[in-house]
Amino acid sequence: MTPSVPERRTMMQIGVETSKAVDQRRVFVVDDDEITRAALQFMLHDEIETHELSDLAGAYAKGQDWLQPDLVILGIGILVAEGIAAVGDVTARWPAARILIATGKEDEALALEALRHGAHGALVKPLRLETVRQKVDTILGRAGGMPLIQLGGL
């Protein structure tokens, strides 16, 4: 016997809130570090449409017309390679998108600079499933959020 649609939704991975899993928003994870990119995609894909991209050029090519992101998670390596102006470039390209910076404590100064240039928050490594999901929920205005910035400089 095939389960009805509501029953199918409850058969998702443990810890996934079904109301979030059918959310129509999307996240672009743009990071030159393949491991961080894959980890973030893995942490988020059950609850939100998530796309992994290794650079901004790829993100810009993918994020045209209807496929624009609601949230861009920028790896700190992208800011090192592209410069702090990358934050403004993302904002200019997708004015409605929010920006989180994925960083380690060693790059805190650059992450703080990104916040001054328009980023909305930071994900500080080591990345933990609950922390990442809670910050994404906060920035997208979904239930279950938490503070967006947890850097020592603030």
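**Ground rules.** I am reading a predicted model, where local features need pLDDT of at least 70 and side-chain atom pairs count only at pLDDT 80 or more, while totals for chains, interfaces and linings use all residues. I number residues from 1 along each chain as its sequence is written, and side-chain values use heavy atoms, with hydrogens and water left out.

**Whole chain.** I found eight helices and five strands in the protein chain; these are DSSP runs numbered from the N terminus, helices being H or I with at least four residues and strands E with at least two. From the N terminus I read the order as α-α-β-α-β-α-β-α-α-β-α-β-α. Of the 154 residues, 44% are buried, meaning under 20% relative accessible area with a 1.4 Å probe, protein chains only. I also looked up contacts (heavy atoms within 4.5 Å): among those with a separation of 6 or more, 63% join residues 24 or more positions apart.

I traced an open sheet of five strands, order 2-1-3-4-5, with parallel pairing; two strands pair if DSSP finds at least two bridges between them. Strand 2 (49–53) and strand 5 (121–124) are the edges, each pairing on one side only. Strand 1 (residues 26–30) pairs with strand 3 (residues 71–75) over four bridges, in the parallel sense. Phe28 has Val72 of strand 3 as its bridge partner.

**Helix 3.** I then followed helix 3 (residues 34–44), which packs on the sheet and touches strand 1, strand 2, strand 3, strand 4 (98–103) and strand 5. Its direction makes about 175° with that of strand 2, where axes are lines fitted to C-alpha atoms, for helices over the stretch in contact, and angles run from 0 to 180 degrees between N-to-C directions.

Notes
Buried < 20%, exposed > 50% of the residue type's maximum accessible area, 1.4 Å probe, protein only.
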